[in-house]
Amino acid sequence: MAKTLAEWAGTYHGILPCADCEGIETIITLNTDGTYSKTMRYLGKKPATFVDEGRFSRSPGTDCIHLSGYDCGPDHYLVGDDKLIQLDMDKQRITGTLAEHYILRKRK
């Protein structure tokens, strides 16, 4: 697991599952100053794109981050090697057949 803000910094991308659209293209950029931007584009829907910005923080003693100021859905992610894993509303890993679809990969 990555351990420092500098290692976590970067842009992560993926297509998350969507109940009523083709998927949610999600891009999260973590900056070394502790700020983030999150862009979500609902594929096949209008209005299609939403952008949020704020600060992120590390949960003490974990490799889990919290996106502050984001109130529209899950705001906790587990940071792995070159990936962010979206956690559910109870801050647990998503399981089941769609679990692999909740991983955002770091762009190189």
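Reader: Is Gln86 buried or exposed in this structure?

Author: The model is a predicted one. A residue is called buried when its relative accessible area is under 20%. Gln86 has a relative accessible area of 8%, so Gln86 is buried.

Reader: Where does Gln86 sit, and which residues does Gln86 touch?

Author: Gln86 belongs to strand S7, which covers residues 83-86. Leaving aside residues up to four places away in sequence, Gln86 is in contact with Leu16, Pro74, His76, Tyr77, Ile94 and Tyr102.

Reader: How many helices and strands does the protein chain have, and in what pattern?

Author: Along the sequence the pattern is α-β-β-β-β-β-β-β-β. The radius of gyration is 13 Å, close to the 13 Å from the globule rule for 108 residues, so the chain is as compact as a globular protein of that length. The C-alpha trace spans about 35 × 30 × 30 Å along its principal axes.

Reader: What share of the residues in the protein chain is buried, and what share of the contacts links residues 24 or more positions apart?

Author: Of the 108 residues, 40% are buried. Among contacts with a separation of 6 or more, 34% are between residues 24 or more positions apart.

Reader: Which residues have the most contacts inside the largest nonpolar core?

Author: The general idea comes before the case. In soluble globular proteins, nonpolar side chains tend to be buried together. Here the largest nonpolar core has 18 residues, and Leu30, Ile65, Leu67 and Leu84 have the most contacts inside it. Two or more residues come from each of S1, strand S2 (24-30), strand S3 (35-42), strand S5 (64-67) and strand S6 (76-80). S2 gives the most to this core, three residues.

Reader: Which residues does Leu84 touch?

Author: Not counting residues up to four places away in sequence, Leu84 touches Tyr12, Ile28, Leu30, Ile65, Tyr77, Leu78, Val79, Tyr102, Ile103 and Leu104. Another core, of five residues, lies apart from the largest one, and its members include Cys64, Ile85, Leu87 and Ile103.

Reader: Which value of phi does Asp82 have, and where is Asp82 placed?

Author: Most residues other than glycine have a negative phi. Asp82 has a positive phi, near 60 degrees. Asp82 is in the loop between S6 and S7. With a relative accessible area of 34%, Asp82 is partly exposed.

Reader: What is phi of Lys91, and where is Lys91 found?

Author: Phi of Lys91 is positive, near 65 degrees. Lys91 is found in the loop between S7 and S8. Lys91 is partly exposed, with a relative accessible area of 49%.

Reader: Is Asp90 buried or exposed?

Author: The cut-off for exposed is over 50%. Asp90 has a relative accessibility of 61%, so Asp90 counts as exposed. Asp90 lies in the loop between S7 and strand S8 (103-106). Asp90 and Pro74 are 16 residues apart in sequence, with 8.8 Å between their C-alpha atoms.

Key:
Residues are numbered from 1 along each chain as its sequence is written. This is a predicted model: local features need pLDDT of at least 70, side-chain atom pairs count only at pLDDT 80 or more; totals for chains, interfaces and linings use all residues. Side-chain values use heavy atoms; hydrogens and water are left out. Helices (H or I, at least four residues) and strands (E, at least two) are DSSP runs, numbered from the N terminus. The radius of gyration is taken over C-alpha atoms; the globule rule is 2.2 Å times the number of residues to the power 0.38. Buried means under 20% relative accessible area, exposed over 50%, partly exposed in between (1.4 Å probe, protein chains only). Contact means heavy atoms within 4.5 Å. A nonpolar core is a set of buried Ala, Val, Leu, Ile, Met, Phe, Trp, Tyr and Cys residues joined through side-chain atoms within 4.5 Å.
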